[in-house]
Amino acid sequence: MKIVVIGGTGLIGSKLVTKLGEHGHQAVPASPNTGVNTLTGEGLDEALADANVVIDVSNSPSFEDAAVLNFFRTSTGNLLAAEKKAGVGHHVALSVVGTEGRPDVGYFRAKLAQEKLIEDSGIPFSLVHATQFFEFAHRIADEATDGDTVRMPSVLFQPIAGEEVAQAVGLAAVGAPLNRRTEIAGPEQFRMDEFFRDALTAWGDRRTVVTDPHAPYFGAEMREHDLVPGDGARLGEIKYADWLASTGAR
């Protein structure tokens with residue numbers, strides 16, 4: 001199949017392009033780096049010609065509430081219009097576990113708006129909701145840092161390796177459209193403060209993790225189950241400690 005990967009030069013997208021190619025598919029990476037811009041529509045018609053499936057793993061460059069909402073509304077609207085013109089038969093989008101439960105959170109609200117456009121488009125679709133990626137752990141810690149202190153809530157946290165996110169999205173893309181959401185998460189569930197206390201030790205990072213029930217997660221206070229999947233989620237096999245050891249990430 002010809003599968004166009006929007007955001008195909010990013011963390012998950014580049015892994016997807018490689019995996020799909022290894023399985024004999026024509027995987028086309030589409031991003032501003034390759035001349036495809038979903039915000040302006042530039043290059044979309046050419047990239048989507050004869051495509052069977054489109055996977056959208058793109059992300060907003062800004063997490064500010066208005067900017068991220070505009071990004072997902074505009075880019076998804078342009079992408080779906082181009083897919084209809086090209087006769088694409090399956091739209092796959094990567095989203096975030098917990099979106100439907102927290103429409104008050106700016107980023108989640110933007111992803112919900114994206115999903116609504118997809119659901120209402122008339123194009124068969126699959127929505128893959130993932131928990132946070134291992135690869136973003138450093139960024140999460142940095143966002144929560146004040147001086148030498150990292151303030152973390154004690155809510156549940158179940159991150160997943162980007163490799164397994166790409167695998168799950170790829171499987172969704174080559175299968176029949178689900179026309180619903182499906183959830184994926186890592187194999188281990190932690191308390192967020194404890195996860196980062198252990199992670200900073202493993203990184204050789206001298207910052208101190210302090211448990212703060214009101215500490216924001218990218219600007220919003222999380223509740224107990226906001227960041228973990230419900231029953232029936234597909235769980236990965238790679239544990240964070242093993243991933244850290246294998247990648248040498250510090």
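Some ground rules before going on. This is a predicted model, where local features need pLDDT of at least 70 and side-chain atom pairs count only at pLDDT 80 or more, while totals for chains, interfaces and linings use all residues. Residues are numbered from 1 along each chain as its sequence is written, and side-chain values use heavy atoms, with hydrogens and water left out. Helices (H or I, at least four residues) and strands (E, at least two) are DSSP runs, numbered from the N terminus.

The arc is taken from the directions from the helix axis to the C-beta atoms. An α-helix has 3.6 residues a turn, so residues three or four places apart point the same way.

What does that face pack against? Just after the helix, Gly-24 takes a positive phi of about 90 degrees.

Helix α7 can be read in a similar way. It has 12 residues and reaches 16 Å from first C-alpha to last, close to the 16 Å expected at 1.5 Å a residue. Buried here are Met-192, Asp-193, Phe-195, Phe-196, Ala-199, Leu-200 and Trp-203. They cover an arc of only 155 degrees around the axis, which puts them on the same side of α7. On the other side of α7, Asp-198 and Thr-201 are exposed. Just after α7 comes Gly-204, with a positive phi of about 75 degrees.

**The cores**

In soluble globular proteins, nonpolar side chains tend to be buried together. A nonpolar core here is a set of buried Ala, Val, Leu, Ile, Met, Phe, Trp, Tyr and Cys residues joined through side-chain atoms within 4.5 Å. The largest such core has 33 residues, of which Met-152, Met-192, Phe-196, Trp-203, Leu-227 and Tyr-240 touch the most other members. At least two residues of this core come from each of α3 (65-86), α4 (106-119), α5 (137-143), β7 (149-152), α7 (192-203) and α8 (240-247). Helix α7 gives the most, with 6 residues. A second, separate core of 23 residues includes Val-92, Ala-130, Phe-133 and Ala-172.

Setting aside neighbours within four places in sequence, Phe-196 is in contact (heavy atoms within 4.5 Å) with Ala-137, Ile-140, Ala-141, Met-152, Phe-157, Trp-203 and Val-209.

**Rings**

The whole structure holds 14 aromatic pairs. Rings of Phe, Tyr and Trp (its six-membered ring) pair if their centres lie within 6.5 Å; planes under 30 degrees apart count as stacked, over 60 as edge-to-face, and the rest as tilted. Two of the pairs look like this:

| Pair | Centres apart | Angle of planes | Class |
|---|---|---|---|
| Phe-133 and Phe-136 | 5.4 Å | 35 degrees | tilted |
| Phe-157 and Phe-196 | 5.6 Å | 35 degrees | tilted |

Ile-6, in strand β1, is buried, with a relative accessible area of 3%. Among its contacts beyond four places in sequence are Ala-30, Leu-44, Val-54 and Leu-79. Gln-189 lies in the loop between β9 (181-185) and β10 (190-191) and is partly exposed at 46%. Gln-189 touches Leu-156, Phe-157, Gln-158 and Val-228, not counting residues up to four places away in sequence.

Conventions:
Buried means under 20% relative accessible area, exposed over 50%, partly exposed in between (1.4 Å probe, protein chains only). The expected span of a helix is 1.5 Å times one less than its number of residues.
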